[in-house]
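I opened the model to look up a few local features. My notes follow in the order I took them.

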Amino acid sequence: MAETLSLPGFVNAHSHAFQRALRGRTEGDDFWGWRDAMLEVAEGLTPERVRSSYEETYREMLVAGYTAVGEFHYVGLAEAKTAVEAAEAAGIELVLLLSAYARGGLERFRQPSISAYLEQVEELRVSGARVGVAPHSVRACPADWLEEIGRYAETEGLVLHIHADEQPREIEECLAEHGVRPIELLAQTGCLGPRTTIVHATHADDTELDLLAGSGARICVCPLTEANLGDGFLPVARVLEHGIPLCIGSDSNVRLDPLEELRELEGIARRQELRRNVVPVADLLEIGSAEGAKALGLDAWPGIEVDFAHRSLAGVAEDEVEAALVFGCGADVFA
Ligand SMILES: [Zn+2]
């Protein structure tokens with residue numbers, strides 16, 4: 001047996017690097033309570049703090065086998081620039097998904113107008129950063145912002161990422177404001193297409209899944225964060241029956257381990273379906289790598305090496321190594 005096995009690097013399609021700071025915090029009865037703690041951390045960020053703390057988090061990601069990351073960034077333009085620098089220093093491929101935020105949250109999240117937002121996107125693109133557009137959510141962006149962003153992404157050929165259907169309350173508020181559910185609103189405003197990634201979609205109903213399937217959009221599932229925040233379970237088998245592609249994200253970065261994200265994803269599916277092998281191992285590894293790269297519009301990203309001498313792999317047959325990785329190893333198995 002060879003000493004190492006080469007694999008495509010894992011791609012983390014959804015990260016908020018600053019939230020790594022919250023990993024030991026246990027306050028908050030639900031998502032909304034956690035969100036208050038998150039806002040407190042976000043309030044204290046400066047470009048310098050982003051530069052140093054993001055580099056540390058990106059180094060942790062690399063050690064865990066992620067070689068590319070989509071940073072969904074909503075804490076200011078100067079901080080977006082230092083996030084790009086932090087990734088360069090750490091040596092991870094980064095796509096900066098610049099968030100549009102019209103209302104709610106903190107002042108530092110918000111742009112005064114949609115044109116101000118698009119100017120920020122342009123400024124980052126001119127600086128050479130790889131950029132995607134990211135209306136934060138239907139909570140944070142009204143319909144006219146979504147329309148403009150959808151149009152801009154289409155014209156410029158950029159990826160579009162947005163949080164949707166993470167929490168039942170968000171769906172109720174969207175129904176009250178627009179009379180439709182979040183993914184229906186995204187369809188109406190021209191935000192769904194093959195370059196669109198819906199982050200979470202935990203509570204998407206069949207109509208919404210049909211819209212995603214019809215448009216070629218994908219879902220980024222963040223199983224460890226969704227578990228940590230009490231979001232619920234993605235209906236994995238239903239999503240796959242619809243033919244909707246999946247990718248993974250570490251989101252709040254409470255834990256950095258792509259194998260654990262994939263194991264949790266398959267674990268959710270097995271518990272829901274009462275059977276094994278709902279998502280075959282080869283598909284899980286694709287979800288963890290190539291599918292994330294597609295979500296970020298990345299053509300190439302570095303590979304990783306699995307250390308066969310690692311004790312977690314002792315005695316494992318060569319043709320069972322990939323399954324052993326997903327079900328029996330932690331990210332320390334990467335050389
Ligand atoms: Zn997120």
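Ring pairs came up at once, and I used this rule: rings of Phe, Tyr and Trp (its six-membered ring) pair if their centres lie within 6.5 Å, with planes under 30 degrees apart counted as stacked, over 60 as edge-to-face and the rest as tilted. I note that this is a predicted model, where local features need pLDDT of at least 70, side-chain atom pairs count only at pLDDT 80 or more, and totals for chains, interfaces and linings use all residues. Residues are numbered from 1 along each chain as its sequence is written, and side-chain values use heavy atoms, with hydrogens and water left out.

**Rings.** I counted 8 aromatic pairs by this rule. Tyr74 and Phe109 form an edge-to-face pair, at 4.8 Å between centres and 80° between planes. They sit 35 residues apart: Tyr74 in the loop between β3 (66-73) and α3 (77-90), Phe109 in the loop between β4 (93-100) and α4 (114-126). I took helices (H or I, at least four residues) and strands (E, at least two) as DSSP runs, numbered from the N terminus. Tyr74 and Phe109 are buried. I then found Phe18, Tyr74, Tyr101 and Phe109 linked into a cluster by ring pairs.

**Charge over a ring.** I checked Trp32 again. The charged end of Arg169 sits over the Trp32 ring, 3.8 Å from its centre (NZ of Lys or CZ of Arg within 6 Å of the ring centre and within 35 degrees of the ring normal).

**Zinc.** Which protein atoms are donors of the zinc ion? I listed His14 (NE2), His16 (NE2), His163 (NE2) and Asp251 (OD), lying 2.1 to 2.5 Å from the ion. Donors are N, O and S atoms within 2.8 Å of the metal (3.2 Å for Na, K and Ca); water is not among the atoms, so sites may look incomplete. Along the chain the donors follow H-x1-H-x146-H-x87-D. His14 in strand β2 (residues 10-15) and Asp251 in the loop between β9 (246-248) and α11 (258-273) are 237 residues apart. Both His14 and Asp251 are buried.

**Positive phi.** Asn253, not a glycine, has phi near 60°. Asn253 lies in the loop between β9 and α11 and is buried at 0% relative accessible area. Leu274 has a positive phi of about 55°. At 77% relative accessibility, Leu274 is exposed.

Note on methods:
Buried means under 20% relative accessible area, exposed over 50%, partly exposed in between (1.4 Å probe, protein chains only).
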